[in-house]
Amino acid sequence: MRVAETRAVNRALRKAYGIGICSIEEIGSLAGQSTSCTDSKKLPPPTNDNRSNSGPKVRDRLCQIIRQHHLDPNLVKAYATDFCGVKALRDATRDQVENFVEHLADWAQRDRNAVLCQLNSYMPAKEGAA
């Protein structure tokens, strides 16, 4: 029962934060692995192929961009909705979301402060300040 609970928690962590491995049970043998911490923080190279099995790669890349540039995920979602021109992000097509991720990655790399300024414009207004 404890193992099942640990696996469920690990699965939730992976989905929420884009973490690859969460526990020692999932690592297996560490022999022969020589990856450094800096390699895991780099963004994956963008792929321009149109394979149908590349589903989670767009989401993973977006999560990495958010973590790398310390962006607010809720503001990024609001900006993505506006960028794609839809009422809810789930209504956007895959191409629209891919274009947004590419746009955000390029812009954050060139001028993070401008991205933060744009995202802050989606911050909800505070009420009741008397």
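Visitor: Where is the place of Thr81?

Guide: Thr81 sits in helix 5, which covers residues 73-84. Keep in mind that this is a predicted model.

Visitor: Why does Thr81 count as buried?

Guide: Its relative accessibility is 15%. Buried means under 20%. Thr81 therefore counts as buried.

Visitor: Which residues is Thr81 in contact with, leaving aside its neighbours within four places in sequence?

Guide: Thr81 touches Val86, Lys87, Ala88 and Leu89.

Visitor: Where does His70 lie?

Guide: His70 is in the loop between helix 4 (55-68) and helix 5. Its phi is near 55 degrees. That is a positive value in a residue other than glycine.

Visitor: Is His70 buried or exposed, and how do you know?

Guide: The relative accessible area of His70 is 64%. Exposed means over 50%. So His70 is exposed.

Visitor: At what angle do helix 6 and helix 7 pack?

Guide: The angle is about 125 degrees, and the axes are 5 Å apart. Helix 6 spans residues 94-110, and helix 7 spans residues 112-120.

Visitor: What makes helix 6 oblique to helix 7?

Guide: Roughly perpendicular covers 65 to 115 degrees, and roughly antiparallel starts over 145. The angle here is about 125 degrees. Helix 6 is therefore oblique to helix 7.

Visitor: Which residues meet there, by helix?

Guide: Helix 6 brings Leu104, Trp107, Ala108 and Arg110. Helix 7 brings Arg112, Ala114, Val115 and Gln118.

Visitor: How many residues of each class has the contact of helix 6 with helix 7?

Guide: The contact has 5 nonpolar, 1 polar and 2 charged residues.

Conventions. Residues are numbered from 1 along each chain as its sequence is written. This is a predicted model: local features need pLDDT of at least 70, side-chain atom pairs count only at pLDDT 80 or more; totals for chains, interfaces and linings use all residues. Side-chain values use heavy atoms; hydrogens and water are left out. Helices (H or I, at least four residues) and strands (E, at least two) are DSSP runs, numbered from the N terminus. Buried means under 20% relative accessible area, exposed over 50%, partly exposed in between (1.4 Å probe, protein chains only). Contact means heavy atoms within 4.5 Å. Axes are lines fitted to C-alpha atoms, for helices over the stretch in contact, and angles run from 0 to 180 degrees between N-to-C directions. Angles under 35 degrees count as roughly parallel, over 145 as roughly antiparallel, 65 to 115 as roughly perpendicular and the rest as oblique. Ala, Val, Leu, Ile, Met, Phe, Trp, Tyr, Cys and Pro count as nonpolar, Asp, Glu, Lys and Arg as charged, and the others, Gly among them, as polar.
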